[in-house]
Amino acid sequence: MSKLLLEVDGLKKYFPITDGLFGRKKGEVKAVDDVSFNVKKGETLGIVGESGCGKSTTGRLLMRLIEASEGKIVFEDKEITSLSKTELRKVRRDIQMVFQDPYASLNPRHSVEQILEEPLIVHGIGSKEERKKRVKEMLEVVGLSSYHARRYPHQFSGGQRQRIGIAKALMTKPKLIIADEPVSALDVSIQAQVLNLMKDIQKEFQLTYIFIAHDLGVVRHISDRVAVMYLGRLIELAESEELYENPLHPYTKALLSAVPVPDPDLKKETVLIEGELPSPANPPSGCAFHTRCTECMEICKTTRPTERNINGHYVACHLFNE
Ligand code: SF4
């Protein structure tokens with residue numbers, strides 16, 4: 001079995017809801033509510049779900065861009081949640097992020113060279129000459145040319161800007177890249193190019209990816225395993241092929257039935273999700289999906305289902321609890 005790079009155990013992030021006038025705590029939003037998973041070296045773990053399901057918050061917790069309310073994050077035997085600022089800086093060289101909107105994450109007043117050099121300067125890596133050399137190398141790796149280094153973000157197309165975002169993430173030679181909806185803002189034709197680029201880079205640099213997206217079709221192309229989240233909880237996790245061929249959780253089935261199939265003759269079962277996504281500030285009792293599930297039973301309304309491991313296919317649903 002491949003070695004684990006990252007282990008997440010019982011991760012929670014509750015955001016307080018406060019009274020505007022006096023700042024008193026009125027409640028909390030359970031953005032991430034007891035999530036556990038691991039990531040093997042060299043694999044791509046996809047995390048999918050509707051907006052507000054906690055997938056992006058999970059990504060930010062892993063980088064410690066926000067602090068967890070509870071739980072453990074172990075990266076290469078180091079417990080990230082308890083690291084000092086200095087230790088955390090070292091780990092951040094190894095974990096980088098690619099964001100959905102490259103335009104917002106690239107400083108418009110900086111040239112591409114300044115943008116790409118920045119992570120090296122922050123981490124005190126290399127001389128000026130070495131940094132310039134790496135900028136050129138990484139631009140070539142992502143399919144751009146060295147003369148692009150003198151240009152500014154607004155002079156590029158959306159796809160090229162995402163290539164710059166990827167080059168920036170690669171500058172510190174990371175081991176793990178957390179890509180948060182990296183192709184969602186791009187045209188469909190460009191999406192495939194960026195996904196292929198990410199796959200090539202993964203092979204070349206033996207990278208591990210966490211690929212966060214709302215689009216199951218996109219996640220399928222790149223992921224070895226896929227985790228599905230709903231209202232802050234992880235409800236199903238399996239090998240990509242297994243999850244798409246044999247989804248167990250009613251929510252995953254519904255999500256998959258909404259993904260268009262390229263072959264019009266191929267019949268697939270349509271499962272509708274009823275009703276609106278409940279507010280994470282007031283999630284339903286028991287199974288959080290029970291208000292929209294067509295297979296809801298009495299126990300689902302009161303008791304949160306525990307996760308069951310069926311030959312490496314994890315599912316949290318009473319239909320599969322013994
Ligand atoms: Fe549906 Fe119950 Fe399973 Fe939740 S636990 S998904 S309500 S069957």
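The questions and answers below walk through strands, turns, charges and salt bridges in this predicted model.

User: Hello! Which residues gather in a patch of negative charge on the surface?

Analyst: Happy to start there. One member, Asp-77, lies in the loop between β4 (70–75) and β5 (78–79). Its relative accessible area is 74%, so Asp-77 counts as exposed. The residues of the negative patch are Glu-7, Asp-9, Asp-34 and Asp-77.

User: What is the phi of Asp-77?

Analyst: Asp-77 is found in the loop between β4 and β5. Although Asp-77 is not a glycine, its phi is positive, at about 70°.

User: Which residue in the turn between β4 and β5 has a positive phi of about 45°?

Analyst: β4 and β5 pair in the antiparallel sense over 2 bridges, and Phe-75 has Lys-78 in β5 as its bridge partner. The two strands form a hairpin with 2 residues between them. The turn residue with a positive phi of about 45° is Glu-76.

User: In β4, what is the bridge partner of Asp-9?

Analyst: Strand β1 (residues 4–18) runs antiparallel to β4, and 5 bridges join them. Asp-9, which also belongs to the negative patch, has a bridge partner in β4, and that partner is Lys-72.

User: How many residues of strand β9 are buried?

Analyst: Let's look at both sides of the strand. In a regular strand the side chains alternate between the two faces of the sheet. Arg-225, Ala-227 and Met-229 point one way from β9, while Val-226, Val-228 and Tyr-230 point the other way, and all are buried. For strand β9 (residues 225–230), that makes the buried count 6 of 6.

User: In β9, what is the bridge partner of Leu-45?

Analyst: Strand β3 (residues 44–48) pairs with β9 in the parallel sense, over 4 bridges. In β9, Leu-45 has as its bridge partner Arg-225.

User: Is Gln-206 buried or exposed?

Analyst: Gln-206 sits in the loop between α7 (188–205) and β8 (208–213). Its phi is positive, about 45°, although Gln-206 is not a glycine. Exposed means over 50% relative accessible area. Because Gln-206 has a relative accessible area of 64%, it is exposed.

User: What distance separates the C-alpha atoms of Phe-15 and Ile-201?

Analyst: Phe-15 is found in strand β1, and at 32% relative accessibility it counts as partly exposed. Phe-15 and Ile-201 are 186 residues apart along the chain, and their C-alpha atoms are separated by 36 Å.

User: Now for charges: how many salt bridges are there?

Analyst: Side chains of opposite charge can pair when their charged atoms come close. Here a salt bridge needs a side-chain nitrogen of Lys or Arg within 4 Å of a carboxyl oxygen of Asp or Glu. By this rule the count of salt bridges is 19.

User: How far apart are the closest N and O atoms of Asp-19 and Arg-24?

Analyst: Asp-19 is partly exposed at 21% relative accessibility, whereas Arg-24 is exposed at 51%. The two form a salt bridge, and the closest N and O atoms are apart by 3.9 Å.

User: Which helices hold Lys-132 and Glu-113?

Analyst: The side chains of Lys-132 and Glu-113 meet in a salt bridge of 3.0 Å, N to O. This pair links distant parts of the chain, 19 residues apart, with Lys-132 in helix α5 (residues 128–141) and Glu-113 in helix α4 (residues 112–122). Lys-132 counts as partly exposed at 26% relative accessibility, and Glu-113 does too at 22%. The helices asked for are α5 and α4.

User: Is Glu-117 buried or exposed?

Analyst: Glu-117 in helix α4 and Lys-128 in helix α5 are 11 residues apart, and their side chains meet in a salt bridge of 3.7 Å, N to O. Lys-128 is partly exposed, with a relative accessible area of 45%. Glu-117 has a relative accessibility of 5%, so it counts as buried.

How values were computed. Residues are numbered from 1 along each chain as its sequence is written. This is a predicted model: local features need pLDDT of at least 70, side-chain atom pairs count only at pLDDT 80 or more; totals for chains, interfaces and linings use all residues. Side-chain values use heavy atoms; hydrogens and water are left out. Patches are made of residues with over 30% relative accessible area and no salt bridge: like charges are joined within 9 Å, nonpolar side chains (Val, Leu, Ile, Met, Phe, Trp, Tyr) within 5 Å. Accessible areas come from the Shrake-Rupley method with a 1.4 Å probe; for residues, only the protein chains shown count as cover. Lys and Arg count as positive and Asp and Glu as negative; His and the chain ends are not counted. The place of a charge is taken as NZ of Lys, CZ of Arg, CG of Asp or CD of Glu. Buried means under 20% relative accessible area, exposed over 50%, partly exposed in between (1.4 Å probe, protein chains only). Two strands pair if DSSP finds at least two bridges between them.
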